[in-house]
Amino acid sequence: MDTTRFLLVRHGQTAWTVERRLQGQTDIPLDELGIQQAEALRPIVQEFAPDRVLASPALRATETAQILSDLRTTFDERLKEANLGTWEGLTPDEIGPVYSQWRAGHFDPPGAEPRVELVERVAAALQDESVPAGNVLVVTHGGVIRAALDALIGLKTENIVPVSPASLTVVEVTAGDLVQAKLQHYNLSPSSKNIQLQPEAR
């Protein structure tokens with residue numbers, strides 16, 4: 001069967017990442033270290049020889065995509081981070097104890113996009129892009145990657161650590177059929193320890 005490999009990349013660091021401010025759909029550019037992180041991740045991504053590139057239209061994702069690949073980037077609104085409502089721009093300390101419930105996937109911030117809707121839109125985007133078969137670089141956000149893992153392999157947010165800025169998570173699916181998904185790599189970055197990359201021949 002033909003397979004599609006989703007190369008899910010979280011964008012590099014921004015000023016708000018450093019401050020631990022929830023970015024949501026607020027459009028924040030990469031900072032200097034974020035650019036360096038994306039540049040360092042590029043060789044790892046290129047080991048998987050992407051056939052096409054998709055990205056969230058958010059500036060931090062588009063900048064990361066441009067660094068990672070010379071291929072033309074297609075933008076998909078469904079790959080944007082969740083709208084976090086009144087929490088956007090706040091830190092965990094400012095939010096309080098309920099932050100941990102949200103991080104575990106058990107709470108939607110006031111005025112935010114419901115998590116179930118996030119998972120549905122991300123799944124729809126990946127379903128559409130699972131054909132034709134090939135290696136698809138998807139440059140997006142931490143919340144979108146968590147939603148993708150939920151939709152593809154049933155891995156719940158409460159059971160995983162958040163992916164790092166400028167990290168790669170690889171999921172393989174049968175082209176056109178997201179039911180047969182397999183997690184191949186999680187949270188790969190240039191600083192990952194004791195990890196051997198083994199991209200399979202296409």
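Thr64 lies in helix H3, which covers residues 59-68. The model described here is predicted. Thr64 is buried, because its relative accessibility is 0% and the cut-off for burial is under 20%. Beyond its neighbours up to four places away in sequence, Thr64 touches Val9, His11, Gly12, Leu30, Ala38 and Val139. Ala133 stands 69 residues from Thr64 in sequence. In space, the C-alpha atoms of Thr64 and Ala133 are 23 Å apart.

The loop between H6 and S4 holds Pro132. A cis peptide bond links Val131 to Pro132. The omega angle of this bond is about -5°.

Helix H7 comprises residues 142-153. From first C-alpha to last, its 12 residues reach 16 Å. This is close to the 16 Å expected at 1.5 Å a residue. H7 is largely enclosed by the rest of the structure, because 10 of its 12 residues are buried. The buried set consists of Gly142, Gly143, Val144, Ile145, Arg146, Ala147, Ala148, Leu149, Asp150 and Leu152.

H6 and H7 pack at an angle of about 75°. Their axes are 8 Å apart. The two helices are therefore roughly perpendicular to each other. On the H6 side, the contact is made by Arg115, Leu118, Val119, Val122, Ala123 and Leu126. On the H7 side, Gly143, Val144, Arg146, Ala147, Ala148, Asp150, Ala151 and Leu152 take part. The residues of this contact divide into 10 nonpolar, 1 polar and 3 charged.

Asp150 belongs to helix H7. Asp150 counts as buried, because its relative accessibility is 13%. Apart from neighbours within four places in sequence, Asp150 is in contact with Arg115, Val119, Leu155 and Lys156.

The side chains of Thr157 and Arg115 are joined by a polar contact of 2.7 Å. Thr157 sits in the loop between H7 and strand S5. Thr157 is buried, with a relative accessible area of 7%. Leaving out residues up to four places away in sequence, Thr157 touches Arg103, Ala104, Gly105, Arg115 and Arg146. Of these, Arg146 is among the buried residues of H7.

Just after H7, Gly154 takes a positive phi of about 70°. Ala166 also has a positive phi, of about 55°, although Ala166 is not a glycine. Ala166 is found in the loop between H7 and S5. At 2% relative accessibility, Ala166 counts as buried.

Ala49 likewise has a positive phi, near 45°, in a residue other than glycine. Its place is in the loop between helix H2, residues 32-46, and strand S2, residues 52-55. Ala49 is partly exposed, with a relative accessible area of 30%.

Strand S6 includes Ala181. Ala181 counts as buried, because its relative accessibility is 16%. Neighbours within four places in sequence aside, Ala181 is in contact with Leu152, Ile153, Val171, Glu172 and Val173. Leu149 of H7 is also buried. Ala181 and Leu149 are 32 residues apart in sequence. Their C-alpha atoms are 9.4 Å apart in space.

Notes: Residues are numbered from 1 along each chain as its sequence is written. This is a predicted model: local features need pLDDT of at least 70, side-chain atom pairs count only at pLDDT 80 or more; totals for chains, interfaces and linings use all residues. Side-chain values use heavy atoms; hydrogens and water are left out. Helices (H or I, at least four residues) and strands (E, at least two) are DSSP runs, numbered from the N terminus. Buried means under 20% relative accessible area, exposed over 50%, partly exposed in between (1.4 Å probe, protein chains only). A polar contact is a pair of N or O atoms within 3.5 Å; within protein, one must be able to donate a hydrogen and the other to accept it, and residues adjacent in sequence count only if both atoms are side-chain atoms. Contact means heavy atoms within 4.5 Å. The expected span of a helix is 1.5 Å times one less than its number of residues. Axes are lines fitted to C-alpha atoms, for helices over the stretch in contact, and angles run from 0 to 180 degrees between N-to-C directions. Angles under 35 degrees count as roughly parallel, over 145 as roughly antiparallel, 65 to 115 as roughly perpendicular and the rest as oblique. Ala, Val, Leu, Ile, Met, Phe, Trp, Tyr, Cys and Pro count as nonpolar, Asp, Glu, Lys and Arg as charged, and the others, Gly among them, as polar.
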